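Please open the model in your viewer and keep the selection panel at hand. The stops below are meant to be taken in order.

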Amino acid sequence: MKYALKIEFDPNTDSYLATCRDLPLMASVGCTLADCILEASYGLQAAIELEKEQGRPEPIPSKALDNEYLVAPASNGSF
């Protein structure tokens with residue numbers, strides 16, 4: 001499964017920030033767009049694990065909007 005992420009560049013910090021509508025606790029940053037996407041994959045996995053630990057089901061990914069990136073969570077055990 002891939003989740004839709006909004007990724008924005010912040011000129012004040014010279015970095016990219018990724019957020020996910022389906023997993024509001026997930027936020028990841030990176031110095032480049034590629035770094036941000038990589039960090040977001042780990043952030044997605046951590047957020048999904050947290051949902052499961054709290055007894056909630058893994059959220060079903062929403063359809064991506066035009067300005068969003070589709071990113072898969074990192075594989076289990078890849079941290």
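In this predicted model, begin by selecting helix 1 together with the strands around it: the buried residues of helix 1 pack against strand 1, strand 2, strand 3 (27-30) and strand 4 (68-71). To see which helix residues are involved, highlight Cys36, Ala40, Ser41, Gly43, Leu44, Gln45, Ala47, Ile48 and Glu51, which are the buried ones in helix 1.

Next, select the largest nonpolar core, which has 13 residues, and look for Tyr3, Leu5, Ala18, Cys20, Leu23, Met26 and Leu44, the members that touch the most others. Strand 1 (3-10), strand 2 (15-20) and helix 1 (33-53) each supply at least two residues of this core, and the largest share, five residues, comes from helix 1.

From that set, centre on Ala18 and show its surroundings: beyond its neighbours within four places in sequence, Ala18 is in contact with Leu5, Lys6, Ile7, Met26, Ala27, Ser28, Cys36 and Ala40.

Now return to helix 1 and select Glu39, which lies within it. Is Glu39 exposed, or only partly exposed? Glu39 counts as partly exposed because its relative accessibility is 38%, and, leaving aside neighbours within four places in sequence, it is in contact with Ser28 and Val29.

Conventions: Residues numbered from 1 in each chain as written. Predicted model: local features only at pLDDT ≥ 70, side-chain atom pairs only at ≥ 80, totals over all residues. Heavy atoms only, no water. Core = buried A, V, L, I, M, F, W, Y, C linked by side-chain atoms within 4.5 Å. Buried < 20%, exposed > 50% of the residue type's maximum accessible area, 1.4 Å probe, protein only. Helix = DSSP H or I, 4+ residues; strand = E, 2+ residues; numbered from the N terminus. Contact = heavy atoms within 4.5 Å.
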